[in-house]
Amino acid sequence: MIKNFSINLNTFMKNTAFLFLFFIASNLVAQQESKHEKLEAMKIAFITEKLSLTTKEAQSFWPIYNEYSQKIEKLRKTKRSDLGELKINIENSSDKEIEALLSDVFDAKTKEIELQKEYYSKYTKVLPIKKVALLYQSEHQFKKELLKRIKDKK
Amino acid sequence: MGEQEKVAELRSLFLVHSNPEKAIEMERYMKNNFPFLGLQAPIRRTIQKQWINSNKSLTIDQKWSLIFELWRQPEREFQLTAVDWVIQWNKKDWFIDDGKKLEQLIVSKSWWDTVDLIASNCVANFIALFYKTDHSLLYSWGKSNNIWLQRTCLLFQLKYKSNVNIPLLTEFISDFHSNKDFFIQKAIGWSLRELSKIYPHQTKEIIANYAIEGLAKREALKWISNHAN
């Protein structure tokens with residue numbers, strides 16, 4: 001009876017610990033997602049303010065830009081994880097493994113440039129060239145302001 | 001361009017960034033009282049800023065027509081835009097008979113997100129301009145049995161700081177404190193909390209004299225308890 005109770009208690013503790021960890025992990029993921037959403041909203045607001053798009057321009061431009069943002073985000077995630085792994089395993093990896101990894105990183109960088117070129121051409125079809133240039137300037141300014149804010153907070 | 005076309009233009013700009021997933025979250029937060037497009041606040045504010053700027057040269061009557069057209073739209077983002085716009089108006093944009101228009105905004109599509117902003121900004125300025133000593137408009141709102149007009153009577157002085165009319169606030173607290181509606185009790189607490197930042201002793205007196213209890217009392221004493229000593 002006591003043994004059964006102790007087994008049940010053990011299982012209960014394990015389940016509770018698992019649920020607790022699961023709760024913490026999903027909360028962290030949700031927090032990350034919400035931070036990312038907020039940043040995206042801030043970026044869209046920043047670009048909207050700088051570009052002063054007409055209704056027609058906005059309707060054609062934003063779906064293209066959102067599509068680009070999703071693709072570039074995916075690409076950058078892959079690149080970051082590759083570089084991260086490289087930093088950790090550099091002593092224990094073989095030369096061939098490092099070569100392959102570096103080659104992947106350069107591939108990702110090349111893909112990023114190709115993607116940027118592809119979307120540059122799409123932007124010029126819906127926006128005047130000055131607004132396209134303003135877009136790149138605004139993206140850069142947004143990053144700068146964000147970094148400044150993070151620095152100021154520290 | 002008529003007001004319907006102007007609002008349709010704003011709708012097109014909003015729709016570019018509408019987000020059905022976000023809309024569900026926002027609707028849930030507002031207890032499913034209103035549909036939303038799912039626009040996040042920074043995006044909505046930037047779009048509405050440009051739209052408002054493009055309508056700055058309109059006459060005050062045309063501006064009011066646009067405000068009511070925004071109010072007629074089903075999605076909440078349009079009412080929030082209307083409120084943000086009216087808040088920005090200058091003294092010269094207000095006239096003594098605008099009380100009825102403010103009342104319309106308070107009693108239709110009422111919820112705390114618009115009513116509190118209208119009360120503590122628009123009504124606050126309007127009363128200070130035209131009804132500083134004549135309280136007939138506020139009394140008629142207080143007697144209306146509409147909780148949102150009554151909440152407005154409690155909240156319009158929130159930002160008055162040392163200029164707050166304590167006897168008037170006390171009068172409204174005395175009239176409404178027996179109403180156990182959440183939004184009334186919360187407003188009593190909130191108005192007293194703001195009062196306590198300037199006049200803590202008078203706040204405590206009002207709480208004692210009118211036997212303010214529960215939610216209203218907890219809210220009212222928050223600032224005083226956090227700043228004890």
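Ser57(B) belongs to the loop between α3 and α4 of chain B, where helices (H or I, at least four residues) and strands (E, at least two) are DSSP runs numbered from the N terminus.

The model is a predicted one, so to speak of local features a pLDDT of at least 70 is needed, side-chain atom pairs count only at pLDDT 80 or more, and totals for chains, interfaces and linings use all residues. Residues are numbered from 1 along each chain as its sequence is written, while chains are lettered from A and ligands numbered from 1 in the order in which they are written.As for confidence, chain B averages a pLDDT of 96, and 100% of the residues score at least 70; pLDDT is the predictor's confidence in each residue, from 0 to 100. For the complex, the predictor gives an ipTM of 0.75 and a pTM of 0.83.

Another loop of chain B, the one between α2 and α3, holds Met30(B). Met30(B) is partly exposed, because 14 other C-beta atoms lie within 10 Å. Once neighbours within four places in sequence are set aside, Met30(B) is in contact with Arg76(B), Trp111(B) and Asp113(B), two residues being in contact if their C-beta atoms, placed from the backbone, lie within 7 Å. Thr170(B) is 140 residues from Met30(B) in sequence, and 30 Å from C-alpha to C-alpha.

Asn32(B) is also found in the loop between α2 (20-29) and α3 (41-54) of chain B. Its backbone shows a phi near 55°, a positive value in a residue other than glycine. Asn32(B) counts as exposed, because it has 9 C-beta neighbours inside 10 Å. Asn145(B) has a positive phi too, about 70°, although it is not a glycine. That residue is in the loop between α8 (136-142) and α9 (147-155) of chain B. With 8 C-beta neighbours inside 10 Å, Asn145(B) counts as exposed.

Chain B splits into domain 1 (1-88) and domain 2 (97-229), with bounds that come from an automatic or database domain assignment. The centres of the two domains, taken over C-alpha atoms, are 27 Å apart. Where they touch, domain 1 of chain B supplies 10 residues and domain 2 of chain B supplies 11 residues. On the domain 1 side, the elements that give two or more residues are α4 (60-72) and α5 (76-87) of chain B. The largest share of that side, five residues, comes from α5(B). By class, the domain 1 side has eight nonpolar, two polar and no charged residues; Ala, Val, Leu, Ile, Met, Phe, Trp, Tyr, Cys and Pro count as nonpolar, Asp, Glu, Lys and Arg as charged, and the others, Gly among them, as polar.

Further along chain B, helix α11 (residues 182-196) packs against helix α12 (residues 200-209) at an angle of about 150°, with the axes 7 Å apart. Axes are lines fitted to C-alpha atoms, for helices over the stretch in contact, and angles run from 0 to 180 degrees between N-to-C directions. That angle makes α11(B) roughly antiparallel to α12(B), given that angles under 35 degrees count as roughly parallel, over 145 as roughly antiparallel, 65 to 115 as roughly perpendicular and the rest as oblique. From α11(B), the contact is made by Leu192(B), Leu195(B) and Ser196(B), and from α12(B) by Pro200(B), Gln202(B), Thr203(B), Ile206(B) and Ile207(B). Sorted by class, the residues of this contact are five nonpolar, three polar and no charged.

Chain A has four helices and zero strands, and its elements run α-α-α-α from the N terminus on. Of the 154 residues in chain A, 7% are buried. Among contacts in chain A with a separation of 6 or more, 74% are between residues 24 or more positions apart.

The two chains touch each other through 11 residues of chain A and 12 residues of chain B. On the chain A side, α1 (2-51) and α2 (55-89) are the elements that give two or more residues. With six residues, α1(A) gives the most to this side. The chain A side comprises six nonpolar, four polar and one charged residues.

Notes: Buried ≥ 20, exposed ≤ 12 C-beta atoms within 10 Å, placed from the backbone.
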